[in-house]
Amino acid sequence: MFRFRPHLLIAFFLLAFTAIPAAASPLVLEDFFRGKTIGKGVFESKIAGVYRPFTVYLTGTWNPRTFTLRLREDFVYEDGEKDTKTWFFQKVAEGRYVGQRADVIAPTNVTTDASGAIRFAYIAELETENGPLLLSFDDTLTQVDRRTVRNTAKVKKAGFTIGTVDLTFTK
């Protein structure tokens with residue numbers, strides 16, 4: 001005959017609920033990138049034979065009145081070249097921003113997906129020794145832990161992927 005054992009039922013439920021992974025908290029730009037952050041990464045294009053490591057020093061300033069994150073990026077490439085870019089991300093809703101940068105053709109929609117990652121795509125006009133070059137970027141920012149975010153991007157020209165960026169930010 002079966003005897004009801006409440007402690008077995010409780011143990012079963014505890015085991016079942018601890019096996020369910022906790023939902024990843026979404027990456028919040030103004031929380032992670034406020035203050036100083038450093039990134040180490042590489043741009044790679046197998047088509048062009050380019051492998052270009054770099055370090056980027058970021059300074060993020062959040063304006064709570066305008067809901068805008070100003071993110072200054074100071075790049076130092078392994079070959080000694082330096083560059084500075086400044087993004088402005090205005091928060092328009094929870095998990096949604098509009099991003100702008102001087103060399104980006106139009107404002108870009110920045111969204112948080114179901115996994116908590118941030119995704120955005122944009123076209124940038126980059127200056128080269130042969131004149132301006134239009135490239136599109138598809139970026140994904142994923143929080144690895146509370147002090148680390150990974151940024152992966154596909155770089156495209158005329159719809160074809162010509163390179164990738166793999167970049168890790170650390171607080």
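At least two residues of the lining of the largest pocket come from each of E1, E2, E3, E4, strand E7 (118–128), strand E8 (131–145), strand E9 (148–157) and strand E10 (160–170). Strands (E, at least two residues) and helices (H or I, at least four) are DSSP runs, numbered from the N terminus. The model is predicted: local features need pLDDT of at least 70, side-chain atom pairs count only at pLDDT 80 or more, and totals for chains, interfaces and linings use all residues. Residues are numbered from 1 along each chain as its sequence is written, and side-chain values use heavy atoms, with hydrogens and water left out.

The largest pocket holds about 1000 Å³ of space. A cavity is a set of points where a 1.4 Å probe fits but cannot get out, whereas a pocket is an open set with protein on both sides within 12 Å along at least five of seven lines. Lining residues have an atom within 4 Å of a point. Grid points are joined across faces, edges and corners, and the volume is the space filled by probe spheres set on the points. The lining of the largest pocket has 37 residues. Nearest its centre lie Phe43, Tyr77, Leu126, Phe137 and Val165. By class, 26 lining residues are nonpolar, 3 are polar and 8 are charged. Here Ala, Val, Leu, Ile, Met, Phe, Trp, Tyr, Cys and Pro count as nonpolar; Asp, Glu, Lys and Arg count as charged; the others, Gly among them, count as polar.

The barrel itself is closed by 10 strands in the order E1-E2-E3-E4-E5-E6-E7-E8-E9-E10, with antiparallel pairing. Two strands pair if DSSP finds at least two bridges between them. On average, neighbouring strands of this sheet are turned by 30° against each other, direction ignored. The axes are lines fitted to C-alpha atoms, for helices over the stretch in contact, and angles run from 0 to 180 degrees between N-to-C directions. Strands of a sheet pair through backbone hydrogen bonds, either parallel or antiparallel.

Strand E1 (residues 35–45) runs antiparallel to E2 and is joined to it by 11 bridges. In this pair, Lys40 stands opposite Thr55 in E2. E8 and E9, also antiparallel, are joined by 9 bridges. These two strands form a hairpin with 2 residues between them. Thr142 stands opposite Arg150 in E9. Arg150 also stands opposite Thr168 in E10. E9 and E10 pair in the antiparallel sense over 10 bridges. Their hairpin has 2 residues between the strands, and Ala158 takes a positive phi near 55° there.

Val149 lies in strand E9. Its relative accessibility is 0%, so Val149 counts as buried. Buried means under 20% relative accessible area, exposed over 50%, and partly exposed in between (1.4 Å probe, protein chains only). Val149 and Leu27 are 122 residues apart in sequence, but their C-alpha atoms are 8.6 Å apart in space. Ser25 sits in the loop between helix H1 (6–18) and H2. Ser25 is exposed, with a relative accessible area of 57%. Its C-alpha atom is separated by 9.2 Å from that of Ala117, 92 residues apart along the chain.

The model has 13 salt bridges, each a side-chain nitrogen of Lys or Arg within 4 Å of a carboxyl oxygen of Asp or Glu. One of them joins the side chains of Lys91 and Glu30 (2.6 Å, N to O). This pair links distant parts of the chain: Lys91 is in strand E4 (residues 82–93) and Glu30 in helix H2 (residues 29–32), 61 residues apart. Lys91 is buried at 16% relative accessible area, and Glu30 is buried at 6%.

Another salt bridge joins Arg52 and Asp79 (3.1 Å, N to O). Arg52 lies in strand E2 (residues 50–63) and Asp79 in the loop between strand E3 (68–77) and E4, so the pair ties together parts that are 27 residues apart in sequence. Arg52 is partly exposed, with a relative accessible area of 23%, whereas Asp79 is exposed at 56%.

Asp103 forms a salt bridge with Arg101, and their closest N and O atoms are 2.5 Å apart. Asp103 is buried at 13% relative accessibility, and Arg101 is buried at 11%. Salt bridges that share partners join Asp83, Lys85, Arg101 and Asp103 into one network.

Key
1 Å grid on protein atoms, 1.4 Å probe; cavity = no way out; pocket = protein on both sides within 12 Å on 5 of 7 lines; lining within 4 Å.
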